[in-house]
Amino acid sequence: MSWLRRPSEAPLWQDEFSVFTADERYVNRRQFTKFLTLTSFAMLAGNLWILARSIFYRAPKYAPLAVAALGEVPVGAVKLFAYPSPRDPCILVRPADDTYIAYSQKCTHLSCAVYYARAQNRLECPCHQGYFSITDGSVLQGPPQRPLPRVALETRDGKLFAVGMEGERT
Amino acid sequence: MFGMEFYVDPSRCIGCQSCLKACEECETHRGVSMINFDFVDRADSIATAAYVCWHCDNPTCAQVCPADAIKKYEDGIVGSSLKPRCIACSNCVLACPFGIPKLVPEYEQMMKCDMCYDRTSVGKRPMCATVCPSQALSYVTPETIAATRREKPVNTFWFGEQKITTKVFMMAPAATDAISIDVADYIWEGEHELAPQAF
């Protein structure tokens with residue numbers, strides 16, 4: 001418990017049971033109980049706050065953004081865009097002829113930019129070898145704990161539109 | 001506390017023992033007197049000395065207490081032993097260089113002067129100082145004592161090599177800075193049996 005004490009020449013028992021009441025560092029049962037009770041109330045209040053937040057949480061709605069025309073991206077190629085704000089880099093991948101899929105480009109570990117590894121058909125982060133599945137963005141290996149947020153796509157008039165973010169808060 | 005300090009002047013003591021009776025009425029130790037009262041040399045003299053605990057800055061009694069029962073509070077008062085803690089081992093009785101603590105066998109507890117903590121903590125004078133007719137025990141401001149006494153208040157004591165500074169002052173001759181007591185001076189070294197004490 002040395003980190004609890006200020007540096008002192010005296011042995012621990014003399015510090016805890018000092019002759020001088022002002023220097024006593026012994027925590028008696030009543031103080032400890034008080035601490036436990038107050039901490040429990042603080043924990044309860046914090047948990048209620050978190051509960052209330054999750055109950056009243058509404059996923060934000062973002063304005064649709066035209067990302068690319070159908071066929072603009074060749075099979076196995078990518079297109080980078082920013083959604084929902086210009087500072088949120090995203091990556092659109094066309095792994096198969098009729099499949100378009102888009103993810104946030106920020107690795108969920110330390111926000112390095114992920115890229116599409118075509119040979120392995122997965123998204124890879126070069127910083128710490130965090131690999132993400134191309135089908136649902138889940139973590140395949142590496143330090144990231146959360147899947148990549150997915151960009152919801154819609155086809156309108158032959159154009160791909162980003163219409164929202166999925167799994168931003170996990 | 002409240003700008004007042006305790007001054008003991010045994011040379012003014014007239015032996016009336018009012019302080020003993022007044023002390024018994026203090027709330028914190030009702031019925032038991034905490035004054036240390038001595039007949040100095042009863043065979044040859046009528047001199048008496050009444051004094052209270054000196055409330056040392058680094059109290060020896062508390063240092064030797066194995067049960068953490070004696071505490072020095074933030075206003076400088078060394079309290080009497082805490083009843084739930086005191087184990088009546090007499091360590092403090094033997095260790096105190098002034099001979100202040102007393103073991104009360106009926107209560108199996110050490111009791112000593114706590115300067116009427118219930119009174120001094122709210123600005124009143126201790127019981128003994130309120131009744132002492134010659135103010136051998138007085139609880140006044142330093143200005144008052146400087147204006148009314150020839151002696152000098154001293155709170156440094158030497159017991160051999162042990163230096164003790166105290167909260168309570170002893171009135172000493174004006175040239176004195178510290179009171180030195182060589183304990184060996186009081187040890188009987190003669191060939192004859194020590195004469196039985198008169199009290």
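This is a predicted model: local features need pLDDT of at least 70, side-chain atom pairs count only at pLDDT 80 or more; totals for chains, interfaces and linings use all residues.
**Exercise 1. Find the hairpin between β7(B) and β8(B), and say how many residues separate the two strands.**

Step 1. Look at β7(B) and β8(B): they form a hairpin with two residues between them. Strands here are DSSP runs (E, at least two residues), as helices are DSSP runs (H or I, at least four residues), and both are numbered from the N terminus.

Step 2. Go to the turn, where B:Gly160 has a positive phi of about 60°.

Step 3. Check how the strands run. β7(B), residues 152-159, is antiparallel to β8(B), and seven bridges join them. Two strands count as paired if DSSP finds at least two bridges between them.

Residues are numbered from 1 along each chain as its sequence is written, and chains are lettered from A and ligands numbered from 1 in the order in which they are written.

**Exercise 2. Work out the strand order of the open five-stranded sheet in chain B.**

Step 1. Start from the other neighbour of β7(B): three bridges link β7(B) to β9(B), and these two run parallel. One pair to look for is B:Phe159 with its bridge partner B:Ile181 in β9(B).

Step 2. Now move to β1(B), which pairs with β8(B) in the parallel sense over two bridges. Here B:Val8 stands opposite B:Met170.

Step 3. β6 and β9 (179-181) of chain B are the edge strands, each pairing on one side only. On average, neighbouring strands are turned by 40° against each other, direction ignored; axes are lines fitted to C-alpha atoms (for helices over the stretch in contact), with angles from 0 to 180 degrees between N-to-C directions.

As background, strands of a sheet pair through backbone hydrogen bonds, either parallel or antiparallel.

**Exercise 3. Describe the largest nonpolar core and say which element gives the most to it.**

Step 1. Settle the terms. A residue is buried if 20 or more other C-beta atoms lie within 10 Å of its own, exposed if 12 or fewer, and partly exposed in between, with C-beta atoms placed from the backbone. A nonpolar core is a set of buried Ala, Val, Leu, Ile, Met, Phe, Trp, Tyr and Cys residues joined through C-beta atoms within 7 Å.

Step 2. Count and name: the largest core has 46 residues, and B:Phe6, B:Val8 and B:Cys128 are among those with the most contacts inside it. Elements that each supply at least two residues include β1 (5-8), α1 (18-24) and β6 (137-140) of chain B. The biggest giver is β8(B), with five residues.

Step 3. Zoom in on B:Phe6. Leaving out residues up to four places away in sequence, B:Phe6 touches B:Val52, B:Met115, B:Ala129, B:Tyr139, B:Val168 and B:Phe169; contact means C-beta atoms, placed from the backbone, within 7 Å.

Step 4. Find the separate core of 21 residues, which includes A:Val67 and A:Tyr83.

**Exercise 4. Is helix α2(A) buried or in the open?**

Step 1. Take its length: α2 of chain A (residues 29-55) has 27 residues and spans 39 Å from first to last C-alpha, close to the 39 Å expected at 1.5 Å a residue. The expected span is 1.5 Å times one less than the number of residues.

Step 2. Count the buried residues. The number is zero out of 27, so α2(A) lies largely in the open.

**Exercise 5. Inspect the backbone of B:Asp68, B:Ser90 and A:Pro84.**

Step 1. B:Asp68 is not a glycine, yet has a positive phi of about 60°. B:Asp68 sits in the loop between α2 and α3 (91-95) of chain B. With 17 other C-beta atoms within 10 Å, B:Asp68 is partly exposed.

Step 2. B:Ser90, also a residue other than glycine, has a positive phi near 70°. B:Ser90 lies in the loop between α2 and α3 of chain B, and is exposed, with 12 other C-beta atoms within 10 Å.

Step 3. In chain A, a cis peptide bond joins A:Tyr83 and A:Pro84, with omega about -5°. A:Pro84 belongs to the loop between β2 (78-82) and β3 (89-96) of chain A.

Methods:
Two residues are in contact if their C-beta atoms, placed from the backbone, lie within 7 Å.
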